[in-house]
Amino acid sequence: MQTQPYWIQSTESTHYPTLKEHEGDIDVAIIGGGMVGITTAYLLKEKGFRVVVLEARRILEGATGHTTAKVTLQHDLIYNTLIKNFGQFQAQQYADANQKALDQMKKWIEEKNIQCDFSSQTSYVYTEQETYLTQIEEEVKAAQILGLPAFYTDNTELPFPIKGAVGFKEQGQFHPRKYLLHFGQEIVEQDPCIFENTRVLDIKGDGPYTIVTDQGELKTKKVIIASHFPIYDGGGFYFTRMYTERSYAIAVQIEESLFQGMYINVEKPTRSFRTLPTEQGELLLLGGNGHKTGYGGNTEKHYTNLEEYARQIYTVQSIPFRWSTQDCMTVDQVPYIGPLTSKTKDIYVATGFKKWGMTTSTVAGMILSDLIAEKKNPYSDIFSPSRWNPKAGVKEFLRQNTEVAQEFITGKLSAKAKNPTCSHLGCQLIQNEAEESWDCPCHGSRFELDGEVIEGPAIKKFKE
Ligand SMILES: Cc1cc2nc3c(=O)[nH]c(=O)nc-3n(C[C@H](O)[C@H](O)[C@H](O)COP(=O)(O)OP(=O)(O)OC[C@H]3O[C@@H](n4cnc5c(N)ncnc54)[C@H](O)[C@@H]3O)c2cc1C
Ligand code: FES
(Lines give C-alpha, C1' and ligand atoms only; values in the text may rest on other atoms or scores of the structure.)
(Ligands and ions follow the chains in the order given, each with its own letter.)
Protein backbone atom coordinates (compact mmCIF):
# COMPACT_ATOMS: atom_id res chain seq x y z
CA MET A 1 0.00 0.00 0.00
CA GLN A 2 1.25 3.49 -0.92
CA THR A 3 1.16 6.01 1.90
CA GLN A 4 1.53 8.96 -0.46
CA PRO A 5 -1.63 10.36 -2.04
CA TYR A 6 -2.59 9.10 -5.48
CA TRP A 7 -2.32 12.70 -6.76
CA ILE A 8 1.40 12.85 -5.89
CA GLN A 9 2.14 9.24 -6.94
CA SER A 10 0.62 9.74 -10.37
CA THR A 11 2.35 13.00 -11.36
CA GLU A 12 5.98 14.07 -11.86
CA SER A 13 7.71 15.82 -8.95
CA THR A 14 8.51 19.48 -9.49
CA HIS A 15 12.10 20.80 -9.43
CA TYR A 16 11.95 24.58 -9.30
CA PRO A 17 15.08 26.46 -8.11
CA THR A 18 15.54 28.10 -4.71
CA LEU A 19 15.31 31.87 -4.20
CA LYS A 20 19.11 32.12 -4.41
CA GLU A 21 18.64 32.09 -8.18
CA HIS A 22 16.37 35.15 -8.22
CA GLU A 23 17.41 38.75 -8.91
CA GLY A 24 15.50 42.05 -8.84
CA ASP A 25 12.54 43.52 -7.00
CA ILE A 26 8.97 42.41 -7.48
CA ASP A 27 5.40 43.60 -6.91
CA VAL A 28 3.91 40.67 -4.99
CA ALA A 29 5.54 37.86 -2.99
CA ILE A 30 3.24 34.89 -2.41
CA ILE A 31 4.21 32.69 0.54
CA GLY A 32 3.13 29.10 -0.17
CA GLY A 33 2.71 27.10 -3.37
CA GLY A 34 -0.59 25.34 -2.72
CA MET A 35 -3.83 25.88 -4.59
CA VAL A 36 -4.19 29.43 -3.23
CA GLY A 37 -0.61 30.42 -4.07
CA ILE A 38 -0.56 29.03 -7.60
CA THR A 39 -4.07 30.23 -8.57
CA THR A 40 -3.42 33.73 -7.20
CA ALA A 41 -0.02 33.94 -8.91
CA TYR A 42 -1.66 33.04 -12.22
CA LEU A 43 -4.40 35.68 -11.83
CA LEU A 44 -1.93 38.40 -10.76
CA LYS A 45 0.38 37.66 -13.67
CA GLU A 46 -2.61 37.91 -16.00
CA LYS A 47 -3.11 41.43 -14.61
CA GLY A 48 0.52 42.32 -15.32
CA PHE A 49 2.10 42.12 -11.83
CA ARG A 50 5.66 40.86 -11.19
CA VAL A 51 5.08 37.95 -8.82
CA VAL A 52 7.12 35.27 -7.06
CA VAL A 53 5.85 32.16 -5.25
CA LEU A 54 8.04 31.09 -2.32
CA GLU A 55 7.48 27.47 -1.31
CA ALA A 56 9.11 25.91 1.77
CA ARG A 57 9.11 22.36 0.31
CA ARG A 58 7.73 21.35 -3.12
CA ILE A 59 4.65 23.06 -4.58
CA LEU A 60 1.26 21.30 -4.42
CA GLU A 61 2.34 18.68 -1.90
CA GLY A 62 0.66 20.28 1.16
CA ALA A 63 -3.07 20.08 1.83
CA THR A 64 -3.68 20.55 -1.91
CA GLY A 65 -1.68 17.42 -2.71
CA HIS A 66 -3.59 15.43 -0.06
CA THR A 67 -7.16 16.61 -0.64
CA THR A 68 -10.10 14.54 -1.90
CA ALA A 69 -10.62 17.12 -4.67
CA LYS A 70 -14.40 17.43 -4.88
CA VAL A 71 -14.95 20.70 -6.71
CA THR A 72 -18.22 21.90 -5.30
CA LEU A 73 -19.92 24.81 -3.62
CA GLN A 74 -21.78 22.37 -1.41
CA HIS A 75 -19.64 22.78 1.72
CA ASP A 76 -21.41 20.35 4.08
CA LEU A 77 -24.63 21.96 5.37
CA ILE A 78 -23.69 25.65 5.33
CA TYR A 79 -26.17 27.90 3.53
CA ASN A 80 -28.91 27.83 6.17
CA THR A 81 -26.30 28.60 8.85
CA LEU A 82 -24.84 31.43 6.77
CA ILE A 83 -28.25 33.06 6.29
CA LYS A 84 -28.94 32.78 10.04
CA ASN A 85 -25.52 34.07 11.16
CA PHE A 86 -24.51 36.54 8.44
CA GLY A 87 -27.84 37.50 6.84
CA GLN A 88 -29.06 36.79 3.32
CA PHE A 89 -26.93 39.49 1.63
CA GLN A 90 -23.60 38.04 2.80
CA ALA A 91 -24.76 34.43 2.41
CA GLN A 92 -25.49 35.35 -1.21
CA GLN A 93 -21.91 36.69 -1.55
CA TYR A 94 -20.56 33.32 -0.34
CA ALA A 95 -22.77 31.40 -2.77
CA ASP A 96 -22.08 33.68 -5.75
CA ALA A 97 -18.31 33.77 -5.12
CA ASN A 98 -18.10 29.98 -5.05
CA GLN A 99 -20.40 29.59 -8.07
CA LYS A 100 -18.22 32.04 -9.99
CA ALA A 101 -15.10 30.10 -8.95
CA LEU A 102 -16.60 26.78 -10.07
CA ASP A 103 -17.66 28.28 -13.42
CA GLN A 104 -14.21 29.82 -13.90
CA MET A 105 -12.45 26.52 -13.14
CA LYS A 106 -14.65 24.64 -15.64
CA LYS A 107 -13.95 27.35 -18.25
CA TRP A 108 -10.17 27.18 -17.72
CA ILE A 109 -10.22 23.38 -17.96
CA GLU A 110 -12.09 23.55 -21.24
CA GLU A 111 -10.34 26.52 -22.85
CA LYS A 112 -6.83 25.48 -21.83
CA ASN A 113 -7.62 21.81 -22.50
CA ILE A 114 -6.25 20.82 -19.06
CA GLN A 115 -6.18 17.01 -18.81
CA CYS A 116 -7.09 16.76 -15.13
CA ASP A 117 -9.70 13.96 -15.08
CA PHE A 118 -12.46 16.50 -14.42
CA SER A 119 -15.93 14.97 -14.45
CA SER A 120 -19.25 16.67 -13.83
CA GLN A 121 -21.00 15.15 -10.79
CA THR A 122 -23.99 15.80 -8.57
CA SER A 123 -22.85 16.28 -4.99
CA TYR A 124 -24.90 15.14 -2.00
CA VAL A 125 -24.97 15.70 1.75
CA TYR A 126 -26.95 12.76 3.14
CA THR A 127 -28.12 11.34 6.43
CA GLU A 128 -28.98 7.84 7.60
CA GLN A 129 -30.72 9.22 10.69
CA GLU A 130 -34.23 10.65 10.99
CA THR A 131 -33.01 13.33 13.45
CA TYR A 132 -31.02 15.20 10.77
CA LEU A 133 -33.85 15.36 8.23
CA THR A 134 -35.04 18.80 9.31
CA GLN A 135 -31.52 20.21 8.82
CA ILE A 136 -31.40 18.68 5.34
CA GLU A 137 -34.78 20.14 4.43
CA GLU A 138 -33.82 23.57 5.75
CA GLU A 139 -30.59 23.45 3.74
CA VAL A 140 -32.50 22.68 0.53
CA LYS A 141 -34.74 25.72 1.15
CA ALA A 142 -31.81 28.02 2.05
CA ALA A 143 -29.77 26.97 -0.99
CA GLN A 144 -32.77 27.45 -3.28
CA ILE A 145 -33.40 30.95 -1.84
CA LEU A 146 -29.80 31.77 -2.82
CA GLY A 147 -30.43 30.48 -6.35
CA LEU A 148 -28.26 27.36 -6.03
CA PRO A 149 -29.10 24.16 -7.98
CA ALA A 150 -30.29 22.31 -4.85
CA PHE A 151 -32.88 19.54 -4.57
CA TYR A 152 -34.14 17.02 -2.01
CA THR A 153 -33.96 13.26 -2.50
CA ASP A 154 -34.06 10.05 -0.47
CA ASN A 155 -32.72 7.93 -3.27
CA THR A 156 -29.00 7.74 -4.19
CA GLU A 157 -26.62 5.23 -5.78
CA LEU A 158 -24.89 4.53 -2.44
CA PRO A 159 -24.93 0.83 -1.48
CA PHE A 160 -27.14 1.43 1.60
CA PRO A 161 -30.46 3.19 2.24
CA ILE A 162 -30.42 6.81 3.36
CA LYS A 163 -33.12 8.86 5.10
CA GLY A 164 -32.65 11.98 2.98
CA ALA A 165 -30.13 14.12 1.13
CA VAL A 166 -29.63 17.56 -0.33
CA GLY A 167 -28.19 17.33 -3.84
CA PHE A 168 -26.41 20.04 -5.87
CA LYS A 169 -26.38 19.49 -9.63
CA GLU A 170 -23.42 20.18 -11.97
CA GLN A 171 -20.58 20.12 -9.46
CA GLY A 172 -17.37 18.20 -10.24
CA GLN A 173 -14.33 16.18 -9.20
CA PHE A 174 -10.81 16.22 -10.60
CA HIS A 175 -7.10 15.47 -10.13
CA PRO A 176 -5.86 18.58 -8.28
CA ARG A 177 -2.19 18.28 -9.20
CA LYS A 178 -2.84 17.68 -12.90
CA TYR A 179 -4.99 20.83 -12.85
CA LEU A 180 -2.59 23.05 -10.86
CA LEU A 181 0.72 21.84 -12.33
CA HIS A 182 -0.63 23.19 -15.61
CA PHE A 183 -0.92 26.69 -14.06
CA GLY A 184 2.55 26.32 -12.51
CA GLN A 185 4.02 25.63 -15.96
CA GLU A 186 2.08 28.44 -17.56
CA ILE A 187 3.35 31.08 -15.11
CA VAL A 188 7.01 30.03 -15.27
CA GLU A 189 6.91 30.13 -19.07
CA GLN A 190 6.73 33.95 -18.81
CA ASP A 191 9.54 34.22 -16.23
CA PRO A 192 11.00 31.93 -13.55
CA CYS A 193 8.81 32.92 -10.61
CA ILE A 194 8.36 29.74 -8.54
CA PHE A 195 11.03 29.06 -5.92
CA GLU A 196 11.00 25.80 -3.96
CA ASN A 197 12.91 24.66 -0.88
CA THR A 198 12.69 28.31 0.20
CA ARG A 199 11.14 28.70 3.63
CA VAL A 200 9.95 32.18 4.60
CA LEU A 201 11.15 33.05 8.11
CA ASP A 202 9.96 36.63 8.55
CA ILE A 203 8.41 39.69 6.94
CA LYS A 204 10.18 42.96 7.82
CA GLY A 205 9.34 46.63 7.29
CA ASP A 206 6.09 48.58 6.81
CA GLY A 207 5.98 48.43 3.02
CA PRO A 208 7.87 47.94 0.87
CA TYR A 209 8.63 44.71 2.73
CA THR A 210 11.69 42.54 3.05
CA ILE A 211 10.89 38.85 2.95
CA VAL A 212 13.49 36.91 4.92
CA THR A 213 13.92 33.30 3.80
CA ASP A 214 16.42 30.53 4.50
CA GLN A 215 17.68 31.13 0.93
CA GLY A 216 18.22 34.90 1.11
CA GLU A 217 16.06 38.04 1.14
CA LEU A 218 13.70 39.67 -1.31
CA LYS A 219 12.11 43.15 -1.56
CA THR A 220 8.44 43.40 -2.49
CA LYS A 221 5.62 45.97 -2.47
CA LYS A 222 2.94 43.51 -1.39
CA VAL A 223 2.76 40.13 0.31
CA ILE A 224 0.19 37.32 0.21
CA ILE A 225 0.32 34.73 2.98
CA ALA A 226 -0.89 31.52 1.35
CA SER A 227 0.95 29.16 3.71
CA HIS A 228 -2.24 27.33 4.81
CA PHE A 229 -2.09 28.26 8.54
CA PRO A 230 -0.57 31.81 8.38
CA ILE A 231 3.14 31.70 9.24
CA TYR A 232 3.10 35.43 10.04
CA ASP A 233 0.40 36.82 12.33
CA GLY A 234 1.04 40.59 12.22
CA GLY A 235 -1.32 41.20 15.16
CA GLY A 236 -4.26 39.41 13.48
CA PHE A 237 -4.47 36.80 16.27
CA TYR A 238 -5.27 34.04 13.78
CA PHE A 239 -4.08 31.45 16.31
CA THR A 240 -6.98 32.43 18.59
CA ARG A 241 -9.66 32.16 15.93
CA MET A 242 -8.65 29.08 13.95
CA TYR A 243 -7.84 25.46 14.68
CA THR A 244 -6.83 22.54 12.48
CA GLU A 245 -8.60 19.26 11.87
CA ARG A 246 -7.09 16.13 10.30
CA SER A 247 -8.98 13.55 8.19
CA TYR A 248 -8.06 10.28 6.52
CA ALA A 249 -8.59 8.84 3.04
CA ILE A 250 -8.25 5.35 1.55
CA ALA A 251 -8.44 4.41 -2.14
CA VAL A 252 -10.17 1.06 -2.45
CA GLN A 253 -10.50 -1.44 -5.29
CA ILE A 254 -13.90 -3.13 -4.98
CA GLU A 255 -15.66 -5.97 -6.77
CA GLU A 256 -19.01 -4.21 -7.24
CA SER A 257 -19.60 -1.43 -9.75
CA LEU A 258 -19.23 2.10 -8.42
CA PHE A 259 -21.75 4.94 -8.16
CA GLN A 260 -22.26 8.28 -9.88
CA GLY A 261 -22.07 11.36 -7.63
CA MET A 262 -20.03 12.62 -4.67
CA TYR A 263 -21.33 12.08 -1.15
CA ILE A 264 -20.71 13.18 2.43
CA ASN A 265 -22.84 12.51 5.50
CA VAL A 266 -24.10 14.91 8.16
CA GLU A 267 -23.48 12.69 11.18
CA LYS A 268 -20.18 11.64 12.78
CA PRO A 269 -17.91 9.92 12.00
CA THR A 270 -17.76 11.62 8.62
CA ARG A 271 -18.02 9.37 5.58
CA SER A 272 -17.03 10.96 2.26
CA PHE A 273 -17.35 9.13 -1.07
CA ARG A 274 -16.16 9.85 -4.59
CA THR A 275 -14.80 7.75 -7.43
CA LEU A 276 -11.12 7.90 -8.38
CA PRO A 277 -10.17 7.15 -11.99
CA THR A 278 -6.65 5.66 -12.13
CA GLU A 279 -4.53 3.82 -14.71
CA GLN A 280 -5.52 0.56 -12.93
CA GLY A 281 -9.23 1.31 -13.20
CA GLU A 282 -11.75 3.19 -11.12
CA LEU A 283 -11.31 3.10 -7.33
CA LEU A 284 -13.51 4.20 -4.45
CA LEU A 285 -12.03 7.17 -2.56
CA LEU A 286 -13.40 6.94 0.96
CA GLY A 287 -12.62 9.68 3.49
CA GLY A 288 -13.50 10.55 7.04
CA ASN A 289 -12.67 10.03 10.73
CA GLY A 290 -11.77 13.70 11.24
CA HIS A 291 -10.41 14.93 14.56
CA LYS A 292 -8.66 18.02 15.83
CA THR A 293 -4.91 17.77 15.17
CA GLY A 294 -3.16 16.11 18.10
CA TYR A 295 -6.44 14.75 19.52
CA GLY A 296 -6.76 11.56 17.46
CA GLY A 297 -5.21 9.02 19.89
CA ASN A 298 -3.33 6.29 18.03
CA THR A 299 -3.85 7.57 14.49
CA GLU A 300 -3.49 4.10 12.88
CA LYS A 301 -6.97 3.27 14.16
CA HIS A 302 -8.53 5.88 11.84
CA TYR A 303 -7.27 4.05 8.76
CA THR A 304 -8.36 0.70 10.23
CA ASN A 305 -11.77 2.16 10.97
CA LEU A 306 -12.22 3.39 7.38
CA GLU A 307 -11.06 0.02 6.04
CA GLU A 308 -13.54 -1.85 8.27
CA TYR A 309 -16.31 0.43 7.06
CA ALA A 310 -15.38 -0.15 3.40
CA ARG A 311 -15.53 -3.92 4.05
CA GLN A 312 -19.02 -3.59 5.61
CA ILE A 313 -20.49 -2.00 2.49
CA TYR A 314 -18.41 -3.46 -0.40
CA THR A 315 -16.35 -6.50 -1.31
CA VAL A 316 -12.85 -5.07 -0.96
CA GLN A 317 -10.14 -6.44 -3.27
CA SER A 318 -7.25 -4.17 -2.29
CA ILE A 319 -6.40 -0.80 -0.80
CA PRO A 320 -3.62 0.58 -2.99
CA PHE A 321 -3.38 4.07 -1.42
CA ARG A 322 -3.99 5.77 1.88
CA TRP A 323 -3.19 9.27 3.11
CA SER A 324 -4.26 11.94 5.56
CA THR A 325 -4.07 15.68 5.86
CA GLN A 326 -5.49 18.61 7.78
CA ASP A 327 -7.25 21.87 7.06
CA CYS A 328 -7.74 25.14 8.95
CA MET A 329 -11.16 25.80 10.47
CA THR A 330 -12.29 29.33 11.37
CA VAL A 331 -14.51 29.86 14.40
CA ASP A 332 -17.43 31.11 12.24
CA GLN A 333 -16.95 28.58 9.40
CA VAL A 334 -16.12 31.17 6.72
CA PRO A 335 -12.57 31.48 5.29
CA TYR A 336 -10.43 34.55 5.96
CA ILE A 337 -9.57 36.15 2.60
CA GLY A 338 -8.33 39.75 2.44
CA PRO A 339 -5.98 42.17 4.24
CA LEU A 340 -4.17 40.43 7.15
CA THR A 341 -5.34 43.16 9.57
CA SER A 342 -6.95 46.56 9.13
CA LYS A 343 -3.50 48.10 9.82
CA THR A 344 -1.22 45.97 7.61
CA LYS A 345 -2.30 47.56 4.35
CA ASP A 346 -0.24 45.59 1.86
CA ILE A 347 -0.16 42.15 3.48
CA TYR A 348 -2.98 39.78 2.56
CA VAL A 349 -4.02 36.31 3.70
CA ALA A 350 -6.21 33.42 2.53
CA THR A 351 -6.87 30.59 4.96
CA GLY A 352 -9.53 28.65 6.89
CA PHE A 353 -11.17 26.64 4.11
CA LYS A 354 -12.83 24.11 6.42
CA LYS A 355 -11.96 21.17 4.14
CA TRP A 356 -13.66 22.88 1.18
CA GLY A 357 -10.75 24.71 -0.40
CA MET A 358 -11.03 23.79 -4.08
CA THR A 359 -13.58 26.47 -5.01
CA THR A 360 -12.64 28.81 -2.13
CA SER A 361 -8.92 28.82 -3.09
CA THR A 362 -10.11 30.05 -6.48
CA VAL A 363 -12.35 32.61 -4.73
CA ALA A 364 -9.21 33.69 -2.81
CA GLY A 365 -7.28 34.14 -6.06
CA MET A 366 -10.08 36.22 -7.54
CA ILE A 367 -10.56 38.46 -4.46
CA LEU A 368 -6.86 38.99 -3.69
CA SER A 369 -5.89 39.74 -7.29
CA ASP A 370 -8.72 42.32 -7.45
CA LEU A 371 -7.74 43.93 -4.14
CA ILE A 372 -4.09 44.18 -5.22
CA ALA A 373 -5.18 45.71 -8.54
CA GLU A 374 -7.28 48.18 -6.45
CA LYS A 375 -10.46 46.90 -8.05
CA LYS A 376 -13.62 46.42 -5.98
CA ASN A 377 -14.56 42.78 -5.60
CA PRO A 378 -18.32 42.23 -5.10
CA TYR A 379 -17.88 39.19 -2.82
CA SER A 380 -15.10 40.28 -0.47
CA ASP A 381 -17.13 41.46 2.58
CA ILE A 382 -18.17 38.09 3.99
CA PHE A 383 -14.58 36.81 3.73
CA SER A 384 -12.97 39.88 5.36
CA PRO A 385 -10.44 38.64 7.97
CA SER A 386 -11.25 41.68 10.15
CA ARG A 387 -14.88 40.65 10.65
CA TRP A 388 -16.08 39.74 14.10
CA ASN A 389 -19.40 37.98 14.13
CA PRO A 390 -20.23 37.06 17.76
CA LYS A 391 -23.43 35.28 16.69
CA ALA A 392 -21.43 32.87 14.56
CA GLY A 393 -18.10 32.59 16.27
CA VAL A 394 -18.07 33.29 19.98
CA LYS A 395 -18.86 29.78 21.26
CA GLU A 396 -16.23 28.15 19.06
CA PHE A 397 -13.74 30.93 19.90
CA LEU A 398 -14.10 30.25 23.64
CA ARG A 399 -13.92 26.47 23.20
CA GLN A 400 -10.81 26.67 21.05
CA ASN A 401 -8.92 29.01 23.36
CA THR A 402 -9.89 27.10 26.49
CA GLU A 403 -8.55 23.92 24.87
CA VAL A 404 -5.29 25.64 23.90
CA ALA A 405 -4.82 26.96 27.45
CA GLN A 406 -5.53 23.48 28.87
CA GLU A 407 -3.09 21.87 26.43
CA PHE A 408 -0.41 24.37 27.36
CA ILE A 409 -0.78 23.87 31.11
CA THR A 410 -1.34 20.10 31.21
CA GLY A 411 1.46 19.66 28.65
CA LYS A 412 3.90 21.34 31.01
CA LEU A 413 2.70 19.45 34.11
CA SER A 414 2.03 15.95 32.84
CA ALA A 415 3.97 13.07 31.32
CA LYS A 416 3.69 14.91 28.01
CA ALA A 417 6.33 17.31 29.37
CA LYS A 418 8.89 14.75 28.16
CA ASN A 419 7.69 15.31 24.59
CA PRO A 420 9.32 17.84 22.26
CA THR A 421 8.04 21.42 22.46
CA CYS A 422 6.44 23.25 19.55
CA SER A 423 8.51 26.14 18.23
CA HIS A 424 5.37 28.23 17.60
CA LEU A 425 4.06 29.07 21.08
CA GLY A 426 5.49 26.27 23.18
CA CYS A 427 2.78 23.57 23.52
CA GLN A 428 3.92 19.95 24.05
CA LEU A 429 3.81 17.89 20.85
CA ILE A 430 1.91 14.61 20.45
CA GLN A 431 3.28 11.65 18.50
CA ASN A 432 1.33 10.78 15.34
CA GLU A 433 2.03 7.05 14.82
CA ALA A 434 0.43 6.66 11.39
CA GLU A 435 2.18 9.61 9.75
CA GLU A 436 5.40 9.28 11.79
CA SER A 437 5.35 12.91 12.87
CA TRP A 438 5.06 15.12 15.96
CA ASP A 439 1.82 17.13 15.90
CA CYS A 440 0.85 20.17 17.95
CA PRO A 441 -2.60 20.08 19.62
CA CYS A 442 -2.67 23.89 19.96
CA HIS A 443 -2.61 25.27 16.40
CA GLY A 444 -1.72 22.23 14.30
CA SER A 445 1.99 22.63 13.48
CA ARG A 446 3.57 19.32 12.46
CA PHE A 447 7.19 18.19 12.53
CA GLU A 448 9.28 15.33 11.10
CA LEU A 449 10.73 12.95 13.70
CA ASP A 450 14.05 14.83 13.42
CA GLY A 451 12.30 18.12 14.21
CA GLU A 452 12.06 19.69 10.72
CA VAL A 453 8.81 21.56 10.10
CA ILE A 454 6.23 19.76 7.95
CA GLU A 455 3.59 22.43 8.29
CA GLY A 456 3.07 25.66 10.24
CA PRO A 457 2.29 28.03 11.79
CA ALA A 458 5.74 26.95 13.14
CA ILE A 459 8.67 27.96 10.96
CA LYS A 460 11.56 26.52 13.00
CA LYS A 461 12.55 23.03 14.19
CA PHE A 462 10.92 21.82 17.41
CA LYS A 463 12.77 22.02 20.73
CA GLU A 464 13.82 18.75 22.42
C1 LIG B 1 -8.88 15.37 4.32
C2 LIG B 1 -9.21 16.58 3.53
C3 LIG B 1 -9.99 16.45 2.40
C4 LIG B 1 -10.31 17.57 1.64
N5 LIG B 1 -11.11 17.42 0.57
C6 LIG B 1 -11.55 18.50 -0.09
C7 LIG B 1 -12.46 18.37 -1.17
O8 LIG B 1 -12.89 17.27 -1.51
N9 LIG B 1 -12.89 19.50 -1.77
C10 LIG B 1 -12.47 20.73 -1.38
O11 LIG B 1 -12.95 21.73 -1.92
N12 LIG B 1 -11.55 20.88 -0.40
C13 LIG B 1 -11.09 19.81 0.24
N14 LIG B 1 -10.19 19.95 1.26
C15 LIG B 1 -9.61 21.27 1.54
C16 LIG B 1 -8.49 21.67 0.58
O17 LIG B 1 -7.70 20.56 0.25
C18 LIG B 1 -7.62 22.76 1.22
O19 LIG B 1 -8.45 23.76 1.77
C20 LIG B 1 -6.70 23.44 0.20
O21 LIG B 1 -5.96 22.46 -0.48
C22 LIG B 1 -5.78 24.42 0.91
O23 LIG B 1 -4.91 25.00 -0.04
P24 LIG B 1 -3.79 26.00 0.44
O25 LIG B 1 -3.10 26.53 -0.78
O26 LIG B 1 -4.37 26.97 1.40
O27 LIG B 1 -2.80 25.11 1.34
P28 LIG B 1 -1.62 24.11 0.94
O29 LIG B 1 -1.95 23.29 -0.22
O30 LIG B 1 -1.24 23.39 2.19
O31 LIG B 1 -0.44 25.08 0.52
C32 LIG B 1 0.30 25.85 1.46
C33 LIG B 1 1.77 25.79 1.05
O34 LIG B 1 2.50 26.72 1.85
C35 LIG B 1 3.77 26.17 2.10
N36 LIG B 1 4.36 26.83 3.27
C37 LIG B 1 4.04 26.68 4.58
N38 LIG B 1 4.85 27.42 5.37
C39 LIG B 1 5.69 28.07 4.53
C40 LIG B 1 6.78 28.98 4.74
N41 LIG B 1 7.18 29.36 5.97
N42 LIG B 1 7.43 29.45 3.65
C43 LIG B 1 7.08 29.08 2.38
N44 LIG B 1 6.06 28.20 2.14
C45 LIG B 1 5.38 27.71 3.20
C46 LIG B 1 3.46 24.69 2.34
O47 LIG B 1 4.61 23.89 2.18
C48 LIG B 1 2.39 24.42 1.30
O49 LIG B 1 2.90 23.92 0.10
C50 LIG B 1 -9.83 18.85 2.03
C51 LIG B 1 -9.05 18.98 3.16
C52 LIG B 1 -8.76 17.87 3.93
C53 LIG B 1 -7.98 18.05 5.18
S1 FES C 1 1.17 25.36 16.68
FE2 FES C 1 0.95 26.93 18.11
S3 FES C 1 1.95 26.15 19.85
FE4 FES C 1 2.22 24.62 18.38
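Q: What counts as a helix or a strand here?
A: They're DSSP runs, numbered from the N terminus: helices are H or I with at least four residues, strands are E with at least two. This is a predicted model, so to speak of local features takes pLDDT of at least 70, side-chain atom pairs count only at pLDDT 80 or more, and totals for chains, interfaces and linings use all residues. Residues are numbered from 1 along each chain as its sequence is written, while chains are lettered from A and ligands numbered from 1 in the order written.

Q: OK, how many residues surround ligand 1?
A: 38, going by a C-beta atom, placed from the backbone, within 6 Å of the ligand. The closest are Gly32, Gly34, Gly62, Thr67 and Gly357.

Q: And which element gives the most to that shell?
A: Helix 8, with four residues. Helix 2 (35-46) and strand 15 (316-330) also give two or more.

Q: Switching topic: which residues of helix 4 are buried?
A: Gln90, Ala91, Gln93, Tyr94, Ala95, Ala97, Asn98, Ala101, Leu102 and Met105. Buried means 20 or more other C-beta atoms, placed from the backbone, within 10 Å of the residue's own.

Q: What covers them?
A: The cover includes strand 3 (70-71), helix 3 (79-86), helix 8 and helix 9 (380-383), counting contacts as C-beta atoms, placed from the backbone, within 7 Å.

Q: What comes after helix 4?
A: Asn113 follows helix 4, and its phi is positive, near 55°.

Q: Last one, what domains are there?
A: The domain assignment, automatic or from a database, gives domain 1 (7-67 + 177-240 + 333-387) and domain 2 (393-455). Their centres, taken over C-alpha atoms, are 25 Å apart.

Definitions and conventions:
Buried ≥ 20, exposed ≤ 12 C-beta atoms within 10 Å, placed from the backbone. Contact = placed C-beta atoms within 7 Å.
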